[in-house]
Amino acid sequence: MAFFDEIGKRISQTGQMAVQKTKDMADVAKLNSTILNEEKKIENSYYQIGKLYAELHFDDFDADFEPLFNLLKDSLRNVERLKKEVGDIKGVKHCNVCGCEIANDSTFCSSCGSPIVVQKIQDYENLIECNFCGKKIEKDSKFCTFCGTKIVDISTEENASSS
């Protein structure tokens with residue numbers, strides 16, 4: 001009888017060990033899931049910090065960030081160019097006020113009612129290129145009439161840096 005009692009104890013111990021191992025594995029999985037969620041929060045925080053810095057310092061960033069800002073600006077220009085190509089194919093443009101898609105020949109936005117400004121420039125000698133989107137705008141413009149970016153006078157910046 002002692003033999004069967006001993007077998008019973010061992011089976012009971014083995015069962016308890018299996019239950020404990022299962023509980024431990026579940027606890028590890030739960031902790032790993034929590035770690036993954038926290039790491040996602042960290043990555044999102046880095047993303048938000050970077051995005052906020054880029055928005056606040058788009059035209060006055062530290063020199064350390066220049067390669068990243070150049071990549072960002074190139075990508076933004078490419079997106080704008082590609083969107084324009086899509087719009088040209090579809091025969092549409094976007095309202096400068098609300099961003100709604102409207103027909104190329106529209107004079108008012110069908111969504112917000114804003115007048116659509118068509119820029120007609122005839123004096124090509126009085127034009128400069130927007131340093132962000134590359135569109136031609138009048139020399140005395142403070143902001144690009146196509147993308148809204150503040151215009152930086154390169155000649156003034158070069159004179160200031162060489163002084």
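Phe 58 is buried, at a relative accessible area of 18%, where buried means under 20% relative accessible area, exposed means over 50%, and partly exposed is in between, with a 1.4 Å probe and protein chains only. Before I go on, this is a predicted model, in which local features need pLDDT of at least 70 and side-chain atom pairs count only at pLDDT 80 or more, while totals for chains, interfaces and linings use all residues. Residues are numbered from 1 along each chain as its sequence is written, and side-chain values use heavy atoms, with hydrogens and water left out.

Back to Phe 58. It forms an aromatic pair with Phe 132, edge-to-face, with 5.5 Å between the centres and 70° between the planes. For the cut-offs, rings of Phe, Tyr and Trp (its six-membered ring) pair if their centres lie within 6.5 Å; planes under 30 degrees apart count as stacked, over 60 as edge-to-face, and the rest as tilted. Why does this pair tie together parts that are 74 residues apart in sequence? Because Phe 58 lies in the loop between helix 1 (2–56) and helix 2 (66–90), and Phe 132 in the loop between strand 3 (127–129) and strand 4 (136–138). Phe 132 is buried as well, at 10% relative accessibility.

The structure has five aromatic pairs. Ring pairs link Tyr 53, Phe 58, Phe 61, Phe 65, Phe 69 and Phe 132 into a cluster. There is also a charge here: the charged end of Lys 73 sits over the ring of Phe 58, 4.8 Å from its centre. That term requires NZ of Lys or CZ of Arg within 6 Å of the ring centre and within 35 degrees of the ring normal. Elsewhere, Lys 135 lies over the face of Phe 146, at 5.3 Å from the ring centre.

Next, the core. The largest nonpolar core has eight residues: Ala 54, Phe 58, Phe 69, Cys 130, Phe 132, Ile 137, Cys 144 and Ile 151. A nonpolar core is a set of buried Ala, Val, Leu, Ile, Met, Phe, Trp, Tyr and Cys residues joined through side-chain atoms within 4.5 Å. Leaving aside residues up to four places away in sequence, Ala 54 touches Phe 69 and Leu 72, contact being heavy atoms within 4.5 Å.

Now the cysteines. Cys 130 is buried, at 2% relative accessibility. The sulfur of Cys 133 is 3.7 Å from its closest cysteine sulfur, in Cys 144, which is too far for a bond. Cys 133 is partly exposed, at 22%. In space, Cys 133 and Glu 80 are 7.5 Å apart, C-alpha to C-alpha, though 53 residues separate them in sequence. Glu 80 belongs to helix 2 and is partly exposed, at 43% relative accessibility.

Last, the whole chain. It has three helices and four strands, in the order α-α-β-β-β-β-α. Helices (H or I, at least four residues) and strands (E, at least two) are DSSP runs, numbered from the N terminus. Of the 163 residues, 13% are buried. Among contacts between residues at least 6 apart in sequence, 11% join residues at least 24 apart.

Key:
Disulfide = S-S within 2.5 Å.
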